[in-house]
Amino acid sequence: MEKKAFVTKEMIEEIVKTYPTPFHIYDEKGIRENAKKLKEAFAWNKGYKEFFAVKATPNPFLINILRDYGCGTDCSSMTELMLSHAMDIPGEDIMFSSNDTPAEEFAYAAKIGATINLDDFTHIQFLEDTIGYLPKTLSCRYNPGGYFSIANSIMDNPGDAKYGFTTEQMFEGYKIMKAKGVENFGIHAFLASNTVTNDYYPTLAKQLFELAVKLKEETGAHITFINLSGGVGVPYRPDQEPNDIMVIGEGVRKVYEEVLVPAGMGDVKIYTELGRFMLAPYGHLVTKVIHEKHTHKEYLGVDACAVNLMRPAMYGAYHHITVLGKENQPCDHKYDVTGSLCENNDKFAIDRMLPKVEIGDYIAIHEAGAHGYSMGYNYNGKLKSAELLLKEDGSVQLIRRAETPKDYFATFDQFDIYKKLGF
Ligand SMILES: *Cc1c(COP(=O)(O)O)cnc(C)c1O
């Protein structure tokens with residue numbers, strides 16, 4: 001599929017008069033259309049809820065857009081819980097899917113009424129020791145081990161993943177929790193990441209539904225929800241076929257009718273914790289070409305770096321690039337597109353065919369709306385950039401300002417750098 005940027009050169013030339021590059025910009029219209037479709041895809045399930053994975057894009061303005069479509073939040077840390085609470089999101093709309101969890105995070109999650117999803121068998125006791133009781137509703141993360149395959153092709157390797165309870169631990173854990181007064185149970189699993197196939201959720205759902213029936217039969221536990229978590233991906237490459245969420249929802253419905261309904265479990269709620277699927281395609285990292293370098297290769301130096309978008313440096317991930325204003329020119333020049341970190345992996349693209357680029361050109365890096373800004377760091381003392389929202393009416397709103405040197409130095413309480421710099 002051809003990848004088109006949702007911004008034009010003319011729009012960016014206007015925006016940079018107020019907000020200089022680099023910045024992340026998000027497309028409200030795209031976000032809304034996608035969230036609406038997800039809701040429709042699972043409308044057959046009465047209790048369906050998407051808990052947006054906050055870690056993907058922890059911005060309250062964007063999360064509030066998703067709230068319009070009934071989404072809650074899925075949190076993995078104290079600050080994500082705090083953000084959800086500060087947004088007045090009620091406890092029942094907050095999932096806490098964490099691992100290696102510090103005691104104070106369990107305590108805070110319980111205090112704000114979030115649903116706790118335990119990552120490990122030993123956390124049953126740890127949670128009880130921490131808060132003095134077990135909540136009436138608890139969920140456990142499941143990891144069957146081995147490989148996760150769809151039609152003989154291996155999608156991921158849960159056997160090598162640190163997350164979740166084994167099958168035996170699920171049964172044992174449910175028995176213990178039930179004996180300790182837990183009344184409502186959830187099952188959660190995240191077995192493959194960034195899947196670009198309509199079969200992932202239905203395949204996972206079948207596995208979890210069959211487990212749920214067995215758990216109910218053997219332990220008598222009342223299973224109220226099954227959380228399919230994240231993992232529905234996006235096509236980063238132009239040659240990939242995007243997921244069809246309507247087909248995915250229908251696929252889950254089919255196995256629900258096959259497995260859960262005959263077992264008298266037709267009231268089980270389906271939950272999801274999508275992050276990437278909700279926002280990745282609706283965010284660009286916009287950056288300006290500031291240097292051209294001709295050595296052993298042809299380099300374009302831009303004013304963003306891996307601090308703004310880490311996936312290419314970290315995973316060698318492909319992110320599509322549009323040179324704004326040159327959308328229709330032939331891609332007949334080969335470049336490495338680099339940032340300024342003192343790390344040779346700070347490249348947004350390697351050997352990428354692009355139109356002939358000039359200094360001053362603006363480029364849009366695609367699929368930067370999730371796991372983009374949020375993965376950023378401050379290496380080389382680089383500052384995190386701003387986040388902007390392109391609203392449906394065409395106006396642009398600043399939804400997070402860029403970091404300043406003052407922010408960067410803010411934690412030097414013992415060294416009065418502010419005074420020296422005149423802040
Ligand atoms: C990261 C994560 C998600 C979201 O994953 P995506 O790939 O963004 O869909 C959901 N749930 C948990 C527990 C996660 O760790």
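A polar side-chain atom of S229 lies 3.1 Å from a nitrogen atom of the ligand. Keep in mind that this is a predicted model, where local features need pLDDT of at least 70, side-chain atom pairs count only at pLDDT 80 or more, and totals for chains, interfaces and linings use all residues. Residues are numbered from 1 along each chain as its sequence is written, and side-chain values use heavy atoms, with hydrogens and water left out.

| Residue | Protein atom | Ligand atom | Distance |
|---|---|---|---|
| S229 | polar side-chain atom | nitrogen | 3.1 Å |
| E273 | side-chain N or O atom | nitrogen | 2.7 Å |
| R276 | polar backbone atom | oxygen | 2.7 Å |

On its own the ligand exposes 390 Å², and the protein buries 91% of that (areas by the Shrake-Rupley method with a 1.4 Å probe). Around the ligand there are 14 residues, with K55, S229, E273, R276 and H371 the closest; to count, a residue needs a heavy atom within 4 Å. Sorted by class, that shell holds three nonpolar, six polar and five charged residues, with Asp, Glu, Lys and Arg taken as charged and Gly put among the polar ones.

So where does the ligand sit? You'll find the ligand in the largest pocket, going by more than half of its atoms lying within 2 Å of the grid points. A pocket here is an open set of points on a 1 Å grid over the protein atoms alone, where a 1.4 Å probe fits, with protein on both sides within 12 Å along at least five of seven lines; lining residues have an atom within 4 Å of a point.

The largest pocket has a volume of about 920 Å³, taken as the space filled by probe spheres set on the points. Its lining has 41 residues, and K55, R141, Y163, F190 and S193 lie nearest the centre. Elements giving two or more residues to that lining are β3 (72-75), α10 (276-279) and α11 (311-315); helices (H or I, at least four residues) and strands (E, at least two) are DSSP runs.

Methods. A polar contact is a pair of N or O atoms within 3.5 Å; within protein, one must be able to donate a hydrogen and the other to accept it, and residues adjacent in sequence count only if both atoms are side-chain atoms.
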